[in-house]
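Trainee: I've got a new structure to look at. Please walk me through it, in short steps.

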Amino acid sequence: MKTILITGAGSGLGRELAMAYSQQGNKIILIGRTLSKLQEVKKESEHLGGQAETLSCNIAVEDEVNQTINSILTENEIDVVINNAGVGYFGPLQAYRANEIHEIIDTNIKGTIFVTKALLPFFLRNNKGKIMNIISTAGQKGKINESIYVASKFAVRGFTESLMKELEHTSINVTAVYMGGMATPFWEGSTHIKDPSRLKPPKDVAKLIVERDQFGEREIFI
């Protein structure tokens, strides 16, 4: 049994990853901003045979992240962290509001960095652990009306690839996950996707990630 910390675990891919890893009998630490959603995922995870804990945390706030991670580590040995939490706003650059730009950058980039940085000393001390960053194809190429979101994912890709090099002489594994759009609440209220029916169900994506993760791949393309 592994103990797996998942950010953004209240819905979408984070929720489905929790379900998939729970079916293997793992313990899941569910992190997100809405505790009520996390509690629902906890019940479903335990019904599938896993164990689960929930903690509300805004990963964009470093002090909050540090307090949450320190609290977790007092009672848990974390084996894997999955940096999944992310937000996105879409449209032409001139239509973005400053608060939307800040939220994308603060959550997608800073949040991933803060969570990883808080856990890394623990991983280094034990010389083991896995860091899995959910990047998406937005971290591979530019897209119309996604300039800020794509910029954030390019940053996470650079962060991830740099960590791979920084930690290559340790037993800590770093994995980058690249997948296309999914049919999740991420797109609610958005007209950016012209044909939502082509989006992959997050359950299918999560299943593929878990399957590929077993082979220890540094990059997972879905």
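Trainee: Which residues of α5 are buried?

Mentor: I148, Y149, V150, S152, K153, V156, T160, L163 and M164. Buried means under 20% relative accessible area, exposed means over 50%, and partly exposed is in between (1.4 Å probe, protein chains only).

Trainee: What should I know about the model itself?

Mentor: This is a predicted model: local features need pLDDT of at least 70, side-chain atom pairs count only at pLDDT 80 or more, and totals for chains, interfaces and linings use all residues. Residues are numbered from 1 along each chain as its sequence is written, and side-chain values use heavy atoms, with hydrogens and water left out.

Trainee: And how many residues has helix α5?

Mentor: Helix α5 has 20 residues, 147-166. From first C-alpha to last, helix α5 reaches 28 Å, close to the 28 Å expected at 1.5 Å a residue. The expected span is 1.5 Å times one less than the number of residues. Helices (H or I, at least four residues) and strands (E, at least two) are DSSP runs, numbered from the N terminus.

Trainee: Is the crossing of α4 and α5 left-handed or right-handed?

Mentor: Right-handed. A crossing is left-handed if the near helix is turned anticlockwise from the far one by less than a right angle, and right-handed if clockwise.

Trainee: Which residues make the contact of α4 and α5?

Mentor: On α4, they are I101, I104, I105, N108, I109, T112, I113 and T116. On α5, they are I148, Y149, S152, K153, A155, V156, F159 and L163. An α-helix has 3.6 residues a turn, so residues three or four places apart point the same way.

Trainee: Pick one for me. Is N108 buried or exposed?

Mentor: N108 counts as buried, at 1% relative accessibility. N108 sits in helix α4. Leaving out residues up to four places away in sequence, N108 touches A85, G86, V87, E103, Y149, S152, K153 and V156. N83 is 25 residues from N108 in sequence and 9.0 Å away in space, C-alpha to C-alpha.

Trainee: New topic. How many aromatic pairs are there?

Mentor: Three, in a search of the whole structure. The rings of F122 and F123 have centres 6.0 Å apart and planes at 50°, so that pair is tilted. Rings of Phe, Tyr and Trp (its six-membered ring) pair if their centres lie within 6.5 Å; planes under 30 degrees apart are stacked, over 60 edge-to-face, the rest tilted. F122 counts as buried at 8% relative accessibility, and F123 counts as buried at 0%.

Trainee: And Y178 with F221: what are the planes doing?

Mentor: The planes of Y178 and F221 are at 15° and the ring centres 5.2 Å apart, so the pair is stacked. Y178 lies in strand β6 and F221 in strand β7, so the pair ties together parts 43 residues apart in sequence. Y178 is buried at 2%, while F221 is partly exposed at 39%.

Trainee: Now α1. At what angle do the axes of α1 and α6 cross?

Mentor: Helix α1 (residues 12-22) and helix α6 (residues 202-213) cross at roughly 50°, with axes that come within 8 Å. That makes α1 oblique to α6. α1 passes α6 in a right-handed crossing.

Trainee: What about α1 and α2?

Mentor: The axes of α1 and helix α2 (residues 35-47) come within 8 Å and cross at roughly 20°. That makes α1 roughly parallel to α2. R15, A18, M19 and S22 of α1 make the contact with V41, E44 and S45 of α2.

Trainee: Last one. Where is S136?

Mentor: In the loop between β5 and α5. Phi of S136 is near 80°, a positive value in a residue other than glycine. Most residues other than glycine have a negative phi. S136 is buried, at 8%.

Trainee: And where is N145 found?

Mentor: N145 is in the loop between β5 and α5. N145 is not a glycine, yet its phi is positive, about 65°. N145 is partly exposed, at 32%.

Definitions and conventions. Contact = heavy atoms within 4.5 Å. Axes fitted to C-alpha atoms, helices over the stretch in contact; angles between N-to-C directions. Parallel < 35°, antiparallel > 145°, perpendicular 65-115°, else oblique.
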